[in-house]
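Dear colleague,

Please find below the sequence and structure that I am handing over to you. My notes on what was found follow directly after it.

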Amino acid sequence: MANTITGRCLCGRVAYEYSGSIGPASYCHCEDCRRCTGSAFNIGVRLELADFHITSGNPRSFSKLADSGRALTRHFCPDCGSPMYTSAPKHPDHIYVKAGTLDDPTIVEPAHQNWVASAVRWSLIGPDVRSFEHGSV
Ligand SMILES: [Zn+2]
Ligand SMILES: [Zn+2]
């Protein structure tokens, strides 16, 4: 399927459009995702970088070594601060969009959860969702 999907930050200055196939979505309970979302976990959706286009605004980015020991760059709106997507040198063809930025978040359904070892107890997702103590990739 190649329907165009769209998303944006809270203030709307940064917006994107995507026309590729939608990869798997997953929960991430790592400490970095907790801090950068300000919530208990992140939900990332894997998209093809080549089919992803910023249609408005200029996201800012911040890079840090993740719990996996690999560098991750987190992209966010410089005006309202909404976290929007993540990129990593290890996966140069993909970006991981935060499901909450999608205009229609119901198009994805997270299939597994990563970094359960560092999950906050009250944030665990149901046992029917496949779990990984650390990262699955
Ligand atoms: Zn914004
Ligand atoms: Zn994470």
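At 0% relative accessibility, Cys-77 counts as buried, where buried means under 20% relative accessible area, exposed over 50% and partly exposed in between (1.4 Å probe, protein chains only). Cys-11, with a relative accessible area of 36%, is partly exposed.

Please note that this is a predicted model, in which local features need pLDDT of at least 70 and side-chain atom pairs count only at pLDDT 80 or more, while totals for chains, interfaces and linings use all residues. Residues are numbered from 1 along each chain as its sequence is written, chains are lettered from A and ligands numbered from 1 in the order in which they are written, and side-chain values use heavy atoms, with hydrogens and water left out.

Zinc sites

Donors are N, O and S atoms within 2.8 Å of the metal (3.2 Å for Na, K and Ca); because water is not among the atoms, sites may look incomplete. Cys-11 lies in the loop between β1 (5-8) and β2 (15-18), and Cys-77 in the loop between β7 (71-76) and β8 (83-87), so the pair ties together parts that are 66 residues apart in sequence. Strands (E, at least two residues) are DSSP runs, numbered from the N terminus.

The zinc ion (ligand 2) is coordinated by Cys-28 (SG), Cys-30 (SG) and Cys-33 (SG), at 2.1 to 2.3 Å. Here the spacing in sequence is C-x1-C-x2-C. Cys-30 and Cys-33 are both buried.

Sheets

Cys-28 also belongs to strand β3 (residues 25-28), both faces of which are covered: Ala-25 and Tyr-27 on one side, and Ser-26 and Cys-28 on the other, are all buried. Strands β3 and β4 run antiparallel and are joined by four bridges, with Cys-28 opposite Asn-42 in β4. Two strands pair if DSSP finds at least two bridges between them. With strand β10 (residues 112-114), β3 pairs in the parallel sense over three bridges, and Tyr-27 stands opposite Gln-113.

These strands are part of an open sheet of eight strands with mixed pairing, in the order β6-β7-β8-β9-β4-β3-β10-β11. β6 (60-65) and β11 (130-131) stand at its edges with a single partner strand each, so one side of each has no neighbour in the sheet.

Another open sheet has three strands in the order β1-β2-β5, with antiparallel pairing. Its edge strands are β1 and β5 (52-56). Four bridges join β1 to β2, and Gly-7 stands opposite Tyr-16 in β2.

Nonpolar core

The largest nonpolar core has 17 residues, and those with the most contacts inside it are Leu-47, Phe-52, Met-84 and Val-97. Such a core is a set of buried Ala, Val, Leu, Ile, Met, Phe, Trp, Tyr and Cys residues joined through side-chain atoms within 4.5 Å. β2, β4 (42-48), β8 and β9 (94-98) each give two or more residues to this core. Not counting residues up to four places away in sequence, Phe-52 touches residues including Tyr-16, Leu-47, Tyr-85 and Val-97, contact being heavy atoms within 4.5 Å.
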